[in-house]
Amino acid sequence: MKFLLHFPLLKGNNNLRSKQTLSSIVTILVFSTLVVFMLATISSSFFSYHSLLKINEFNKEVSIEFDDGLKNETEIMPSTASVKKCDIFSGEWVPNPDAPYYTNKTCWEIHEHQNCMKFGRPDSEFMKWRWKPNECELPIFNPFQFLEIMRGKSMAFVGDSIGRNHMQSMICLLSRAEWPVDVSYTDEFSFKRWQYSNYNFTMATFWSPYLVRAEQVDSNGGLINVYLDEFDEKWTAQIKEFDYVIINGGQWFLRPMVFYEKQKIVGCQYCSWENVTHLTWHNGYKKAFRTSYKAIMSVGNPKGVTILRTYAPSHFENGVWDKGGNCIRTKPFKSNETRLDGYNLELHTIQLEEFKRAEKEATKKGLKFMLLDTTQAMLQRPDGHPNKYGHWPQKNVTISNDCVHWCLPGPIDTWADFLLQALKVEGIRSTPEKKDFI
C-alpha cells in the first residue's frame with residue numbers, strides 16, 4: 001500500500017519551492033517521532049503501574065506501615081530512609097482487629113493438628129494480635145511484595161515440625177497472591193516442594209529434627225542415635241539448589257539420645273547404660289548446629305543466605321507434656337509478665353553462640369547469615385497453641401495436649417512479618433548506593 005504525501009506548491013522559483021517542501025517533510029518527521037516517543041512512554045508507565053497494581057490492591061485492604069509511617073507503600077525494595085535501624089525482636093503484642101488474613105476454610109494447607117478452629121476451639125482472640133517492636137513499626141506481611149522479592153529464587157525450611165508449621169503458615173499467607181503447585185519428588189509428608197509458577201519461586205521443607213544424621217534405635221519411640229559430626233544427607237544433598245535456607249531445632253534434643261562421633265558412642269542422655277558417659281543435651285545441641293552450619297558452608301549455595309529462626313518455647317502448665325500439662329490461656333503475656341529461663345534460655349543461648357561463631361567464619365568466605373530471633377515474641381504467646389483442639393475428642397483415649405506447635409491462623413503468622421522485613425533490610429545492605437552521573 002502506497003501513502004502519498006501532498007504538499008502545497010508555492011508560486012515562485014523552483015529552488016524556493018524545493019526548500020519549502022523539504023522543510024515541510026522535516027517538520028512532519030519530527031512531529032511523528034515525538035508522537036511515537038509519547039506513546040512508548042505512556043505504554044511503559046502503564047505496564048509499570050500494572051506490575052505494582054496487585055501490591056497496591058493488597059495495601060488498600062491492609063494498612064501497611066513502614067518505619068517512617070508511610071501508608072500504602074509500593075516499593076519492592078524500600079529505600080534506606082524507609083527502614084530505620086531497629087530491634088524488631090523486642091516489643092509487645094498489641095491488638096490487630098484486621099487479622100487474621102486467612103481462615104481454616106480458605107487455606108487447605110493447614111495440618112489437622114494445627115487446625116484449632118476446625119476442632120472446636122471456642123475463642124478467636126488469639127488470632128487478632130500483631131507484634132509491635134519497642135522502637136518502630138513492623139509492617140504486616142505483604143504476600144505480593146514477598147513474592148516479587150523472591151521472584152526466580154528458592155527457599156528451604158530445614159528442621160523439625162515447627163519449621164514445617166512455619167512453611168504451612170507461609171503458604172496460607174501467600175494464598176492471597178497465588179496458590180502453589182506441588183512439585184515434590186516424593187509423597188512423603190515431611191519432604192514437600194511447592195512452586196509459585198507466576199513468580200518462579202519454590203519453597204521446600206526438609207524434616208531433620210536433629211539437623212545431623214540420626215536414626216531410631218527401636219520401634220517404640222525410645223532411644224535415638226544422633227551422629228553429631230555427620231551431615232544429614234536428606235537435606236544437605238539438595239541444599240545447594242536453594243537461595244535461602246531457614247534452619248531451626250530444639251524440642252527433639254530433650255529426648256533420650258545416644259551421641260556418636262567418628263562412628264563411636266561418646267555418651268548418652270536418659271539411657272542408663274553401663275560404661276557409657278552420661279551427657280546432657282547441651283553438648284549434642286551445640287555440636288549438631290556446628291555440623292549443620294559446616295554443611296551449609298561446604299556444600300550449600302555459595303551465593304545463598306542462611307537464616308537461623310531461633311527456638312520457639314512451649315507453654316505447658318499444670319504438668320509436663322505427658323502428665324496432663326496444658327495451655328489454656330487466651331491472651332498474650334506482656335514482656336514484664338514472663339521471662340526466658342531454664343532450658344528455654346539455655347537452648348536460645350546455645351543457638352545464638354553457635355550462630356555468631358558460624359557467621360564470623362561465613363563472613364570470611366563471603367557467605368551471608370541472617371538471624372530471626374523470634375524466641376522472646378513467642379515466649380509471650382502461651383495462647384497460641386492447639387492444646388486439645390488439634391483433634392476430635394475420643395472416648396477412652398488419652399491424647400497429650402499440644403503446647404508445642406501453633407494454631408493456624410495464629411501467632412506463628414507473625415514470623416512472615418519478621419522474615420519479609422529482614423529480607424528488605426538485607427536487600428538494602430546488598431544494594432550499592434546510587435551515585436549521581438555527570
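**A hairpin, its surroundings and its side-chain pairs**

Good morning. I begin with strands E10 and E11, which form a hairpin with 2 residues between them; Lys-262, in the turn, has a positive phi of about 55°. Strands (E, at least two residues) and helices (H or I, at least four) are DSSP runs numbered from the N terminus. Please keep in mind that this is a predicted model, in which local features need pLDDT of at least 70 and side-chain atom pairs count only at pLDDT 80 or more, while totals for chains, interfaces and linings use all residues. Residues are numbered from 1 along each chain as its sequence is written, and side-chain values use heavy atoms, with hydrogens and water left out.

E10 and strand E11 (residues 264-269) run antiparallel and are joined by 5 bridges; two strands pair if DSSP finds at least two bridges between them. One of the residues involved is Met-257, whose bridge partner in E11 is Gln-269. E10 also pairs with strand E8 (residues 224-231), in the parallel sense and over 4 bridges. There, Tyr-227 stands opposite Tyr-260 in E10.

Is E10 buried or exposed? Of its 5 residues, 4 are buried, so the strand is largely enclosed by the rest of the structure. Buried here means under 20% relative accessible area, exposed means over 50%, and partly exposed lies in between, with a 1.4 Å probe and protein chains only.

I turn now to charged side chains. A salt bridge is a side-chain nitrogen of Lys or Arg within 4 Å of a carboxyl oxygen of Asp or Glu. By this rule the model has 15 salt bridges. One of them joins Glu-261 and Lys-287, at 2.7 Å from N to O. Glu-261 is partly exposed, with a relative accessible area of 22%, and Lys-287 is partly exposed at 28%.

Another salt bridge is formed by Glu-317 and Arg-329, at 2.8 Å from N to O. Both residues are in the loop between strand E12 (305-309) and helix H6 (342-364), 12 residues apart. Glu-317 is partly exposed at 27% relative accessibility, and Arg-329 is partly exposed at 36%. Glu-137 and Arg-130 also meet in a salt bridge, at 3.2 Å from N to O.

Arg-213 deserves a mention of its own. Together with Glu-215 and Glu-230, Arg-213 belongs to a network of salt bridges. The charged end of Arg-213 also sits over the ring of Tyr-227, 3.8 Å from the ring centre. For this description, NZ of Lys or CZ of Arg must be within 6 Å of the ring centre and within 35 degrees of the ring normal. Arg-381 sits in this way over the ring of Trp-93, with its charged end 4.5 Å from the centre.

Next, the aromatic rings. Rings of Phe, Tyr and Trp (its six-membered ring) pair if their centres lie within 6.5 Å; planes under 30 degrees apart count as stacked, over 60 as edge-to-face and the rest as tilted. The count comes to 21 aromatic pairs. Phe-206 and Phe-242 form an edge-to-face pair, 5.8 Å from centre to centre with 85° between the planes. Phe-206 is in strand E6 (residues 201-207) and Phe-242 in the loop between helix H4 (233-236) and strand E9 (244-247), 36 residues apart. Phe-206 is buried at 3% relative accessibility, and Phe-242 is buried at 2%.

How are the rings of Phe-355 and Phe-369 arranged? Their centres are 6.0 Å apart and their planes are at 50°, so the pair is tilted. Phe-355 lies in helix H6 and Phe-369 in strand E13 (residues 368-372), so the pair ties together parts that are 14 residues apart in sequence. Phe-355 is buried at 5% relative accessibility, as is Phe-369 at 9%. Both belong to a cluster linked by ring pairs, which also includes Trp-207, Tyr-210 and Trp-252.

Finally, the nonpolar cores. A nonpolar core is a set of buried Ala, Val, Leu, Ile, Met, Phe, Trp, Tyr and Cys residues joined through side-chain atoms within 4.5 Å. The largest has 52 residues, and those with the most contacts inside it are Phe-146, Met-155, Phe-201, Met-203, Phe-418 and Leu-419. A second, separate core of 38 residues includes Ala-156, Leu-211, Leu-228 and Phe-355.

Thank you for your attention.
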